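Here is a short tour of one model, starting from a single residue and moving out to the packing around it. Please keep the structure open as you read.

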Amino acid sequence: MAIVMRFTPRGLTHEKYNQVIKRLEEAGAGAPRGRMQHYFFGDKNNLFVSEIWDSRASFDKFAETMMPIVQEAGIEPGEPVELEIYNMIEGAKSGTAKP
């Protein structure tokens, strides 16, 4: 079953986020197997990350690489919230909807 993993980290800035993304890519984990979508959002003083994963097992495997990188960047990830996804409906891409 697909899941959402929601993070409300302390100390997350655009700069630290970009550093983590760069390090993940360098580690070969920029596009991990099982991660379906990734969102980085919020205002500059209150930033969040949410991801959709195909399973908790896929997330746990990725976390083995991600967590040390996040901690080295000085980000306190906090405890993620895991939510089961019961249904996903994708919207039409811009310019593809029919009247």
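Ala 27 is partly exposed, because its relative accessible area of 47% falls between the limits for buried (under 20%) and exposed (over 50%), using a 1.4 Å probe and protein chains only. Bear in mind that this is a predicted model, where local features need pLDDT of at least 70, side-chain atom pairs count only at pLDDT 80 or more, and totals for chains, interfaces and linings use all residues. Residues are numbered from 1 along each chain as its sequence is written, and side-chain values use heavy atoms, leaving out hydrogens and water.

Ala 27 sits in the loop between H1 and strand E2 (35–43); helices (H or I, at least four residues) and strands (E, at least two) are DSSP runs numbered from the N terminus.

| Residue | Contacts |
|---|---|
| Ala 27 | Thr 65, Ile 69 |
| Leu 24 | Ala 29, Gly 30, Phe 62, Thr 65, Met 66, Ile 69 |

Now to the helices. H1 (residues 14–26) and H2 (residues 56–72) pack with their axes 10 Å apart, at an angle of about 140°. That makes H1 oblique to H2, a term for angles that are not under 35 degrees (roughly parallel), over 145 (roughly antiparallel) or 65 to 115 (roughly perpendicular). From H1, Val 20, Arg 23 and Leu 24 meet residues of H2, among them Phe 62, Met 66 and Glu 72.

Key:
Axes are lines fitted to C-alpha atoms, for helices over the stretch in contact, and angles run from 0 to 180 degrees between N-to-C directions. Contact means heavy atoms within 4.5 Å. Lists of a residue's contacts leave out its neighbours within four places in sequence.
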